[in-house]
Amino acid sequence: MRLLLIAVIACAVASAAIVPAKTTNNEAFRVVFRLTDMSAVAIAHREALFAAHADPANAHRRGHRHYTVEEVARIFGREPAVVDAVAKHAASAAEVAKESVTVAKTRDSVIVNGVRPSSPLGYTLGLDDVSMPVAGPRAVAVPPALADLGVQQVLVFAKSVGAKSSNNNKKATTRRLRGQFPGVNQSPVTIRGRYGIPNATVATTTNASQAVAEFEGEQFYQSNVDSFFARYAPGFTPTNVSVVGPNNGGYYGEGNLDLEYICGLAQGAPTTWVAENEFDMTSWAERLLTVDPLPTVASISWGSGESGFDVTGIMSDTEHFRKLGLLGVSVLAASGDQGTGSTGFFSCGKFDPNWPASSPYVTAVGATYSEAAVGGSETAWSGSGGGFSTFYGAQPWQAVAVSAYLNGSTGATLPPSQYWNATGRGTPDVAALGTNFDVFSFGWGQETGTSAATPTFAAIVTRINANRAAAGKAPLGFLNPLLYGLGRVGQDITAGDNKNAACPAGFPAVAGWDAVSGLGTPDYAFLNGQLASTV
C-alpha cells in the first residue's frame, strides 16, 4: 500500500479497502508455501539466535561477520530434497510451467505464480471463493498432501492492479501537493546541510550497497534520476540503478522519490530497485535475497494499518525480517502518513499503527518538517505514523525509553488509553525531514510523507556502512539495539503531535523518545562517530 501523497489519495484507497474483496474465477493468484517450522519452540529458538546476534555486546558478530545464506537456510529452511518435492507437487497441481515456481534461496518457501481457481491446486485451496484481507495475503488451510511433504503455511496473494503498463498513469499529484504541507522545500542540498551529510562519493564496496522496495506497479526511468542529479548533485555521476523485478507499471511518484534521495544522499553507492507487482513482503524479501551481492540497507516506503492484515501473513513477514537481520541487512520502513492511524471509518475506532514499520525487526522512520532552510529546529509532522503495535509487545532494547514516555517522567500528555495498546512495540524508532521534497518525475514537483524520510535516513546508514568497511568491520545490520543504546541519533524533537483527523488526540513529541518522532532526527557526525568503528 502506498504511503506517500496521502492527503490526496488516502480517502479513495481507504474507502475502497474497507470490505475484503471476493475473487473471480478468472483471477490468477500467487501462492506461497512456507516450510519454516512455526512451532512455539522453533520460533523461540530463532528469536534467541536473532537477539544474540543483534546484541551490541556481541562483538564478534557485530564487528566481523554476519550469518551466511547457507547458515540461515539451515536455521529457517528444509533439506533440498524436501523443497524440491514441494515445488514439483505444487507446479503439477497448479498446472503451471516450472518457470512459474520459485524456490527461496534459504529453502524456507516455494512461491507459485499464476495459480487459477480452476486448477486442481486452486480448487483444493478454495481460490474460487477466498476473501482477501485489506492488505497482504490470506492464509488458507494446508492441503494434506502438502502437509505430508512438510508445508507449514499456505499464503494466497491476489493479483494487484499494479500490473498496468500504460504511461497514461503518470502522477501529476506531486504538483497538486505544492504548498499544502508545513515546512520549506527540501532537497539533498538542504538535507546535507542540516544533518551534516558529506557531499562526496561513497567508496564502492559490497558492504555499502542499498535497495529500495517497490510494489503495486511503481516504475522509474533512469533519465529522471539523471535529471535530479544534474540539479542537486552536479559533478557526480548519476547512480546507475540495477533493476530486480517489475519496472513497467506506469506509476512514477514513489519510486522516483525513493531513488532520487537514497542515491542523491549516498552518491555512488550501488543501488538496486527490488519490486513486486503485489504488496507481498514475503516474495519481496525472497527477491531481495537473489541480489548478489546482497544489499546491506533496504528502504521500504510502503505499508498499511495492522488491522488490515491477516496475522499469518504478518508472521511470515516477521520470519523474513529476522532472516535479513541475521544476514546483516538494515531494514528501514516508513512509519505511515496517517498519524496514529484509525480502524474506524466515520469515527476513530482504535489507533492503527502501520505494518511493516511496527515489526520489531525493522527500524521505523517517522517524519518532521522545518520552517527554515538553514538552521532552526524541526517539528514532528502531524501525519508521522506512530504508536504501539497490537501484534508485538514492547521490545527489550526500547524498554527504558518507552517506559519513560508512558510513565509521565518525560511530561507527555498521552491520548485516552482506550484507543491504544500501552504494552505494544513502540514506533517510530527515528525520524527525518519528510515534507515538500523536490522530486523530478517528468518535471519538477514536491512530495511529502514518511516515505521521503525513510530513504533519507537509509542513505546515512549506507554511508556509515562504507566507513565500517574501510575499518574492516561488517555492516551494521539490525539497527535498533544500537540506536536505543546510544539514547539519541542527533536532534531531539520536542514539538508537534500526530493526531489523526478522526481521533480525539495523538501522541506528542517530548524530550527523549516519543511515539511521533522516535529518538529524533540524525546527526551524521554523531552517528558516524559512534557506529563507524567503535562497535
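Does Arg-107 count as buried or exposed, and at what relative accessibility? In this predicted model, Arg-107 counts as buried, because its relative accessibility is 17% and the cut-off for buried is under 20%.

**Arg-107 and the strands around it**

Let's stay with Arg-107 for a moment. You'll find Arg-107 in the loop between strand 3 (101-103) and strand 4 (109-115). Strand 3 and strand 4 form a hairpin with five residues between the strands. Arg-107 isn't a glycine, yet its phi is positive, at about 60 degrees.

Strand 3 and strand 4 run antiparallel and are joined by three bridges. If you want a pair to look for, Val-101 stands opposite Val-112 in strand 4. Strand 4 also has strand 2 (residues 29-34) as an antiparallel partner, with five bridges joining the two. There, Phe-33 has Val-110 of strand 4 as its bridge partner. So how enclosed is strand 4 by the rest of the structure? It is largely enclosed, because five of its seven residues are buried.

Look for Asn-436 in the loop between strand 19 and strand 20 (437-440). With a relative accessibility of 3%, Asn-436 counts as buried.

| Cis peptide bond | Omega |
|---|---|
| Asp-292 to Pro-293 | near 0 degrees |
| Thr-427 to Pro-428 | about -5 degrees |

Where do these prolines sit? Pro-293 is in the loop between helix 12 (281-288) and strand 11 (297-300). Pro-428 has its place in the loop between strand 18 (424-427) and strand 19 (430-433).

Now for a helix. Why is helix 9 (residues 188-195) described as largely enclosed by the rest of the structure? The reason is that six of its eight residues are buried. The buried ones are Pro-188, Thr-190, Ile-191, Arg-192, Arg-194 and Tyr-195.

Helix 9 packs with helix 11 (residues 253-265). Two packed helices are described by the angle between their axes and the distance between the axes. For helix 9 and helix 11, the angle is about 50 degrees and the axes are 10 Å apart. The two helices are therefore oblique to each other, and helix 9 passes helix 11 in a right-handed crossing. On the helix 9 side, the contact is made by Pro-188, Ile-191 and Arg-192, while helix 11 brings in Tyr-261, Gly-264 and Leu-265. Pro-188, Ile-191 and Arg-192 are also among the buried residues of helix 9.

**How confident is the prediction?**

Across the chain, pLDDT averages 89, and 90% of the residues score at least 70. Residues 4-24 are a stretch where pLDDT is below 50, and that stretch has 41 contacts in the model beyond near neighbours in sequence. Over residues 160-179, pLDDT also stays under 50. How many contacts beyond four places in sequence does the model have for residues 160-179? The count there is 45.

Notes: Residues numbered from 1 in each chain as written. Predicted model: local features only at pLDDT ≥ 70, side-chain atom pairs only at ≥ 80, totals over all residues. Heavy atoms only, no water. Buried < 20%, exposed > 50% of the residue type's maximum accessible area, 1.4 Å probe, protein only. Helix = DSSP H or I, 4+ residues; strand = E, 2+ residues; numbered from the N terminus. pLDDT = per-residue confidence, 0-100. Contact = heavy atoms within 4.5 Å. Pairing = 2+ DSSP bridges. Axes fitted to C-alpha atoms, helices over the stretch in contact; angles between N-to-C directions. Parallel < 35°, antiparallel > 145°, perpendicular 65-115°, else oblique. Left-handed = near helix turned anticlockwise from the far one by under 90°.
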